[in-house]
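My notes follow in the order in which I checked things.

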Amino acid sequence: MNKTLCRERLFQLVFSNLFTKDGENLENTLCSFKKESNEDVTGGKVLLDDEQQYVRRCYQEIMQNYEELKSVIDSSLNGYNFDKLYPNDKALLLVAVYELNHTD
């Protein structure tokens, strides 16, 4: 499993969810990551089936534990708060804290 690629795709999903908040982007985005050719729609490498399942599971767990993860991040931001962070910083921190607290 290419963890770097999975992490990159997970970041993209979390980042896009910060703007849509509808959850519909999961299947559409995962489908765009896996095309007939060796490249996805962004020109990058495609996810294998097991990698796609891993990204799906991690994304769903991040969304289920969003408030908990947000709270952990918020408690570490001295004199700042999560809601004022740039979206890319939010997505990066959500993925990082999730991986530290919920994966091996």
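**Entry 1: aromatic rings.** I count two rings of Phe, Tyr or Trp as a pair if their centres lie within 6.5 Å. The model is a predicted one, so I kept to local features with pLDDT of at least 70. With that cut-off I found that Phe11, Phe15 and Phe19 form one aromatic cluster. The structure as a whole holds three aromatic pairs. One of them is Phe15 with Phe19, an edge-to-face pair at 5.1 Å centre to centre with 70° between the planes. Both residues lie in helix H1, which spans residues 3-20, and they are four residues apart, about one turn of the helix. I note the general point that an α-helix has 3.6 residues a turn, so residues three or four places apart point the same way. Phe15 is partly exposed, at 29% relative accessible area, and Phe19 is exposed, at 54%.

**Entry 2: the pair at Tyr66.** Tyr66 and Phe82 also make an edge-to-face pair, at 6.2 Å centre to centre and 80° between the planes. Tyr66 is in helix H4 (residues 66-76), while Phe82 sits in the loop between H4 and helix H5 (87-102), so this pair ties together parts 16 residues apart in sequence. I checked the burial of both, and Tyr66 and Phe82 are each buried.

**Entry 3: overall layout.** I stepped back to the whole chain. It has five helices and zero strands, and from the N terminus on its elements run α-α-α-α-α. Of its 104 residues, 37% count as buried. I took contacts between residues at least 6 apart in sequence, and 63% of them join residues at least 24 apart. The accessible surface comes to about 6400 Å², with 50% of that belonging to carbon and sulfur atoms.

**Entry 4: the core.** Which residues touch the most other members of the largest nonpolar core? I found Leu10, Val14, Val55, Ile62, Leu69, Phe82 and Leu94, out of 22 residues in that core. H1, helix H3 (49-64), H4 and H5 each supply at least two of the core residues. H1 gives the most, with six residues.

Val14 is in contact with Tyr59, Ile62, Met63, Ala91, Leu94 and Val95.

**Entry 5: one side of H4.** I listed the buried residues of H4 and got Tyr66, Leu69, Lys70 and Ile73. These cover an arc of only 100° around the axis, which puts them on the same side of H4. They pack against H1, H3 and H5. I then turned to the face of H4 away from the buried side, and that face carries the exposed residues Glu67 and Ser75.

**Entry 6: cysteines.** How many disulfides are there? I counted zero disulfides. Cys6 is in no disulfide, and the nearest cysteine sulfur, that of Cys58, is 7.9 Å away. The cut-off for a disulfide is 2.5 Å between sulfur atoms. Cys6 is buried, with a relative accessible area of 1%. Cys58 is likewise in no disulfide, its nearest cysteine sulfur being that of Cys6. Cys58 is buried too, at 0% relative accessible area.

Entry 7: I looked up Leu13, which is found in helix H1. Leu13 counts as buried, at 0% relative accessibility. Leu13 and Ala91 are 78 residues apart in sequence but 8.7 Å apart in space, C-alpha to C-alpha. Ala91 is also one of the contacts of Val14.

Is Glu51 buried or exposed? Glu51 lies in helix H3, and at 4% relative accessibility it counts as buried. Glu51 and Leu5 are 46 residues apart in sequence and 8.6 Å apart in space, again C-alpha to C-alpha.

Methods. Residues are numbered from 1 along each chain as its sequence is written. This is a predicted model: local features need pLDDT of at least 70, side-chain atom pairs count only at pLDDT 80 or more; totals for chains, interfaces and linings use all residues. Side-chain values use heavy atoms; hydrogens and water are left out. Rings of Phe, Tyr and Trp (its six-membered ring) pair if their centres lie within 6.5 Å; planes under 30 degrees apart count as stacked, over 60 as edge-to-face and the rest as tilted. Buried means under 20% relative accessible area, exposed over 50%, partly exposed in between (1.4 Å probe, protein chains only). A nonpolar core is a set of buried Ala, Val, Leu, Ile, Met, Phe, Trp, Tyr and Cys residues joined through side-chain atoms within 4.5 Å. Contact means heavy atoms within 4.5 Å. The arc is that of the directions from the helix axis to the C-beta atoms. Accessible areas come from the Shrake-Rupley method with a 1.4 Å probe; for residues, only the protein chains shown count as cover.
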